[in-house]
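Good morning, and thank you for coming.

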Amino acid sequence: MLRAVSERVEWRRLGFWVWMLRRVSGLGIAFYLLLHIVVIHQLVAGRATFDQAMDLFASPAFRLGELAVVVACIVHAVDGVRVMAIEAFDLARAERRMLWLSATVAGVAVALGGTPLLLHLLGLRLVLP
Amino acid sequence: MRLRITVPRASRDGPERPVDQTWELDVPEGATVLDCLEELKGRHDGTLTFRASCRSAICGTCAMVANGRSILACRTQARQAAARGGRLRLEPLRYHPVIRDLVVDLAAYWRHYAAIVPWVTPAPGSPEREHRILPRDVERMGLAETCIHCGVCLSACPIALSDPDYLGPAALVAAWRFVNDSRDTRRRERLRIVDSAHGPWRCHTVFNCAEACPKGIDPTQAIVRLRGLIARERLSGRL
């Protein structure tokens with residue numbers, strides 16, 4: 001299986017995985033938006049139906065999904081800015097440096113945005129000094 | 001160091017159904033993948049088929065895939081290309097029909113290259129012999145003119161998998177090179193040719209081609225610049 005993939009596409013390169021991350025996070029966000037529209041549409045069916053749908057999203061699996069949405073949005077946005085910057089400012093030669101810079105920015109943003117969500121998921125509360 | 005070298009060989013069932021053949025070979029420090037292939041052909045199996053000529057990354061004929069990475073066999077050291085345990089799997093370049101073993105038919109590559117009109121059409125009255133251009137014009141071409149047409153960039157590009165008509169990094173690098181040639185008169189025509197769904201707009205800035213190019217050319221840079229140039233020309237109504 002792995003050999004068949006290897007024969008068809010050059011996946012043993014960092015650029016390939018960054019590209020895959022961009023594609024997968026984009027698809028994930030699109031799926032989330034679709035799900036969001038479907039859930040909000042439940043309001044039309046009445047309060048009870050909407051509450052029932054919202055109860056479903058209180059489960060740990062969906063909480064984890066919320067965290068995944070945050071990560072996907074940050075990764076996709078930061079990588080999108082990186083690609084646009086390469087296009088707009090002719091930065092192709094600095095691609096690797098741009099990649100590490102955007103990975104750092106995304107990492108910090110995920111830590112800042114994801115930590116409260118993760119703590120909430122674990123039933124903990126963030127206490128700021 | 002002993003390497004286990006595997007090559008998908010031509011079988012009686014046709015080139016699309018190759019059969020793996022593995023040899024064990026003592027590979028000295030510094031030996032290239034091409035050295036190993038020549039050793040195999042000379043001492044183990046004379047029917048092993050591959051292309052090679054200059055042995056010094058000039059002719060571009062010995063391009064192939066080593067352990068999943070597109071390389072030039074003459075400038076890649078076998079020990080470095082091998083995986084843990086000394087496994088080295090050599091395959092033909094991707095996206096091209098295999099003729100035999102490691103030899104592929106590059107007709108599609110050359111067709112895409114020919115599509116971008118890869119020659120200079122000088123204006124009438126241009127000097128017939130030496131036609132000088134300014135150093136800044138040469139600089140603008142980047143390293144594009146050093147392309148050896150090995151096909152490594154196309155083999156490394158994942159976009160070519162989903163679009164067989166994609167012009168590919170090498171052809172687009174050549175387009176950038178000729179678009180910036182001050183001696184040429186077919187700049188707009190060439191831009192119109194590449195300005196298609198199979199041209200620079202198809203590139204997803206993966207940078208595999210830039211990483212793989214054995215001559216240090218950055219095709220993604222040329223593609224990005226082509227996109228910018230086409231956009232500016234279109235916005236100004238000149239294209």
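A salt bridge, as I use the term today, is a side-chain nitrogen of Lys or Arg within 4 Å of a carboxyl oxygen of Asp or Glu. Please keep in mind that this is a predicted model. Over all chains, the structure holds 36 salt bridges.

Let me start within chain B. The side chains of B:Glu29 and B:Arg79 form one such bridge, with an N to O distance of 3.2 Å. Distant parts of the chain are linked by this pair, the two residues being 50 residues apart. B:Glu29 sits in the loop between strand 2 (14-26) and helix 1 of chain B, and B:Arg79 belongs to helix 2 (residues 78-81) of chain B.

In one, B:Glu233 pairs with B:Arg187, and the closest N and O atoms are 3.6 Å apart. B:Glu233 lies in helix 10 of chain B and B:Arg187 in helix 8 (residues 187-194) of chain B, so this bridge ties together parts that are 46 residues apart in sequence.

B:Arg234 is partly exposed, with a relative accessible area of 48%.

Some bridges share partners. They join A:Glu10, A:Arg13, A:Arg22, A:Asp79, A:Arg82, A:Glu95, A:Arg96, B:Arg69, B:Arg94 and B:Glu211 into one network.

That brings me to the interface. Chain B and chain A bury about 2400 Å² between them, with 45% of it on carbon and sulfur atoms. To the contact, chain B gives 30 residues and chain A gives 22 residues. How many salt bridges cross the interface of chain B and chain A? The rule finds five. A salt bridge also joins the side chains of A:Asp90 and B:Arg225, at 2.8 Å from N to O. Between chain B and chain A, 15 residue pairs are in polar contact, both residues at pLDDT 80 or more.

On the side of chain B that touches chain A, at least two residues each come from several elements, including strand 4 (69-72), strand 5 (87-91) and helix 9 (208-212). The largest share, five residues, is supplied by helix 10 of chain B. By type, the residues on this side are 11 nonpolar, 10 polar and nine charged.

The largest nonpolar core has 43 residues, and among the members that touch the most others are B:Ile5, B:Val33, B:Leu37 and B:Leu72. Helix 1 (residues 33-44) of chain B contributes the largest share of this core, five residues. Beyond its neighbours within four places in sequence, B:Leu72 is in contact with residues including B:Ala57, B:Cys62, B:Ile148, B:Val152 and B:Pro214. There is also a second, separate core of 30 residues, in which one finds B:Ile116, B:Cys203, B:Val206 and B:Ile223.

Thank you; I shall be glad to take questions.

Technical notes: Residues numbered from 1 in each chain as written. Chains lettered and ligands numbered in written order. Predicted model: local features only at pLDDT ≥ 70, side-chain atom pairs only at ≥ 80, totals over all residues. Heavy atoms only, no water. Core = buried A, V, L, I, M, F, W, Y, C linked by side-chain atoms within 4.5 Å. Buried < 20%, exposed > 50% of the residue type's maximum accessible area, 1.4 Å probe, protein only. Helix = DSSP H or I, 4+ residues; strand = E, 2+ residues; numbered from the N terminus. Contact = heavy atoms within 4.5 Å. Buried area = accessible area lost by both parts, 1.4 Å probe. Polar contact = N/O pair within 3.5 Å; in protein donor to acceptor, adjacent residues only side chain to side chain. Nonpolar A, V, L, I, M, F, W, Y, C, P; charged D, E, K, R; others polar.
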